[in-house]
Amino acid sequence: MKKTKVPVDKILKGLQEEYPEVTCALDHRDPLQLLVSTILSAQCTDVRVNLVTPALFAKYPTAADYANARLPELEKLIHSTGFFRNKAKNIKAAGQRLLTEFRGSVPKTMEELLTLPGVARKTANVVLGTAYGIASGIVVDTHVFRLSHRLGLTRAKTPEKVEQDLMKVIPLTEWIQFSHRLIRHGRKVCSARNPQCDRCSLNAVCSKIGVAK
């Protein structure tokens, strides 16, 4: 871990006490469902994704089903998640690659996951951490990106660089839960435009960067 003036240990303790039991907000029963849900979650809320996926998962239970899916039918099912044509194309192509390269199973390494269409580090980290319990990195979504800056944990301009900064100061054993907790905190308390500092468990240790005084 890299030494920092920001009280990382107190931030971790505050998040743990506030959200002792927290998991991924995307409904899923297996790694494939989580992979598809995470692809769908780009530029879309988890709530919307969870409304769409029951019918989707019922129609396409395996990688082979996605690989052989007709794009118009797939697009119709995921239309409300936005960017549906590109997402449908990526999900179908990912299913094909899973079938041909990984025997229909979702791989368990960052390097292999990144070869799947529609999968970047955020999606790969979600799948590895939530489905397999493997800490290969830290999920950096919009909430983690925003709160990491607000707390003073990074000044980086891209999600990739923010992740690298966080990996230097957050203990490896906390990588998976840290992102889950920070995402929940961003949704519940520390919103972009109206952070509720007066009821925030991190109020005393937050750098409040970008927060109007």
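In the predicted model, helix H9 (142-150) meets helix H11 (residues 175-188) through His143, Val144, Arg146, Leu147 and Ser148, which contact (heavy atoms within 4.5 Å) Ser179, Leu182, Ile183, His185, Gly186 and Arg187 of H11. Helices here are DSSP runs (H or I, at least four residues), numbered from the N terminus. The axes of H9 and H11, taken as lines fitted to C-alpha atoms over the stretch in contact, with angles from 0 to 180 degrees between N-to-C directions, lie 8 Å apart at an angle of about 85°. H9 is therefore roughly perpendicular (65 to 115 degrees) to H11.

Helix H11 comprises 14 residues and spans 20 Å from its first C-alpha to its last, close to the 20 Å expected at 1.5 Å a residue, where the expectation is 1.5 Å times one less than the number of residues. Buried residues (under 20% relative accessible area, 1.4 Å probe, protein chains only) of H11 include Trp175, Phe178 and Leu182. Their cover includes H1 (8-18), H8, H9 and H10 (159-169).

Asn125 is located in helix H8 (residues 121-132) and counts as buried because its relative accessibility is 5%. The side chain of Asn125 reaches the backbone oxygen of Ile138 at 3.4 Å. Beyond residues up to four places away in sequence, Asn125 touches Met110, Thr130, Ser136, Gly137, Ile138, Val139 and Glu163.

Residues are numbered from 1 along each chain as its sequence is written. Local features of this predicted model need pLDDT of at least 70, side-chain atom pairs count only at pLDDT 80 or more, totals for chains, interfaces and linings use all residues, and side-chain values use heavy atoms, with hydrogens and water left out.

Definitions and conventions
Helices (H or I, at least four residues) and strands (E, at least two) are DSSP runs, numbered from the N terminus. Buried means under 20% relative accessible area, exposed over 50%, partly exposed in between (1.4 Å probe, protein chains only). A polar contact is a pair of N or O atoms within 3.5 Å; within protein, one must be able to donate a hydrogen and the other to accept it, and residues adjacent in sequence count only if both atoms are side-chain atoms. Angles under 35 degrees count as roughly parallel, over 145 as roughly antiparallel, 65 to 115 as roughly perpendicular and the rest as oblique.
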